[in-house]
Amino acid sequence: MKAAVLYGPHDLRVESTREPRLEPGEAIVRVASAGLCGTDYSIFTGDRPVDYPRVMGHELVGRVDAVAADVTTVRPGARVVVEPNYGCGRCPLCLEGNRNLCLSRRAIGIDVDGGFAELMRLPARCCWPAPDGAETDALLLTEPLAVVVRAVDRGAPRRGESAAVVGAGSLGLLALQVLRARGARVLVVSRTSRRFALAGALGAEATHATADGALVETARRFSGREGVDLVVETAGTADAVTHALDLVRPGGRVVVTGLPHESTPVPFFSVVRREITITGSMIYQDEFGEALRLVASGAVRTRPLITHRFGLDRIGDAFAAHAEPASIKVALDL
Ligand SMILES: [Zn+2]
Ligand SMILES: [Zn+2]
C-alpha cells in the first residue's frame, strides 16, 4: 500500500509499504480523506520531534476494512471518523475521566503511525461511526471541532452573552460557530482582516483586526459594557493571550486552547484585580460525539474551511499550501 513516510525533518517520501496487520482490539481503516494541521506541519519541519520513520495524519475519515476477532464495536464496511488520542485507561487520571491529561496518552499520527496512508491500524475504540447522511468533507474537521467544543464549553457560555474568539484559523472559525450554537454573540479578532468575510458568513456579528489597535474600545462597544463575558483564544501566540486579557470584562472568563511555544507574559495584577478566570483546554475528553452531532445537524459548517485538496502523491505540495496565508484547511484525498 501507499503511505507518506517521514524519515526526518522535511524528508517525506511517498512509498510502497507493508500493509498493517491486526492486533487484538484493533481495526484497520481504509482512509478516504485526511486533514493536515499545524501539528503535522511542526512535525514535518522538525519543530516537534517524533520517532522516525513516522506516518503522520490524525484528522481522518475512512471505512473499516477489517477488525480483530475480539472487536464488536465496529464492523468492516462501516464509515468512521477517527478519534486519534487515547489514554492508558489505567492511571488515576484516566480512571477519573481525565484521559486527555494521561501522562501515557498516545496520539495517532504523532506517537504511532497515522493516516497519511491508504490503510492504517488503530484501536477499534478510536473509531466513531459516521452519522448517516453526513458527507466525508463535512466530517473531515470533526477532530479539530472536538478540540473547540471542549474549549468553548469550558468557558460555560450562556445564551445572550458576548464572546470573542482570538484567531481566525480553522480552530477560530470553528469556535465562532460553536459559540453561536451555544447562543453567544461573537466578535472575531485576528491579526488581519483576511478571513473576516468568511467569519461574517459563519455567524460573526463583528470583527476586529489587531493591527488596527483599539482592542479594548472594540470589546466595550461590542459588549455594551466593560468588555466581553468570554474569550476563547485559538491563535497560540503570546500576543493572542495578551489580546484575550484586553478583551475580557472584569469578572469574565478566558479559555486558552492555542499552544504558544514561546513563554507568555501574563499581567497577573490585572488578572487578580479584575478576577479573571483563565482556563486551559487540552484536546478533548468526551466531546467527540457532540462534535459529530454539530456537524450532522449543520449547526457547524466545516466545508467552507477546506481551501485546498491534494492526492497523497502531492503531499509535499499540501504542506507547502498549509504554510500559505490563504489556506485554512488542507485536505488529502486518499
Ligand atoms: Zn490536528
Ligand atoms: Zn492514563
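Trainee: Is Cys 94 buried or exposed?
Mentor: This is a predicted model, in which local features need pLDDT of at least 70, side-chain atom pairs count only at pLDDT 80 or more, and totals for chains, interfaces and linings use all residues. Residues are numbered from 1 along each chain as its sequence is written, chains are lettered from A and ligands numbered from 1 in the order in which they are written, and side-chain values use heavy atoms, with hydrogens and water left out. Buried means under 20% relative accessible area, exposed over 50% and partly exposed in between (1.4 Å probe, protein chains only). The relative accessible area of Cys 94 is 11%, so Cys 94 is buried.

Trainee: Which residues coordinate the zinc ion (ligand 2)?
Mentor: Donors are N, O and S atoms within 2.8 Å of the metal (3.2 Å for Na, K and Ca); water is not among the atoms, so sites may look incomplete. The donor residues of this ion follow the spacing C-x2-C-x2-C-x7-C. At 2.3 to 2.4 Å, the SG atoms that coordinate the zinc ion (ligand 2) belong to Cys 88, Cys 91, Cys 94 and Cys 102.

Trainee: What geometry does the site of the zinc ion (ligand 2) have?
Mentor: Four donors count as tetrahedral if all angles lie between 85 and 135 degrees. Ideal angles for four tetrahedral donors are 109.5 degrees. The four donor atoms of the zinc ion (ligand 2) make angles of 105 to 115°, and the site is tetrahedral.

Trainee: Why is H7 described as oblique to H8?
Mentor: Helix H7 (residues 215–223) and helix H8 (residues 238–247) pack with their axes 8 Å apart, at an angle of about 45°. Axes are lines fitted to C-alpha atoms, for helices over the stretch in contact, and angles run from 0 to 180 degrees between N-to-C directions. Angles under 35 degrees count as roughly parallel, over 145 as roughly antiparallel, 65 to 115 as roughly perpendicular and the rest as oblique. The angle of about 45° therefore makes H7, relative to H8, oblique.

Trainee: Which residues of H7 and H8 make the contact?
Mentor: Contact means heavy atoms within 4.5 Å. H8 contributes His 243, Asp 246 and Leu 247, and H7 contributes Leu 215, Val 216 and Ala 219.

Trainee: Is Ile 283 buried or exposed?
Mentor: Ile 283 is a residue other than glycine with a positive phi, near 35°. Its place is in the loop between E15 and H10. With a relative accessible area of 14%, Ile 283 is buried.

Trainee: Is Glu 275 buried or exposed?
Mentor: Glu 275 has a positive phi of about 50° although it is not a glycine. The loop between helix H9 (268–273) and strand E15 (277–280) holds Glu 275. Because its relative accessibility is 63%, Glu 275 counts as exposed.

Definitions and conventions. Tetrahedral: all angles 85-135°; square planar, octahedral: opposite > 155°, others 65-115°. Helix = DSSP H or I, 4+ residues; strand = E, 2+ residues; numbered from the N terminus.
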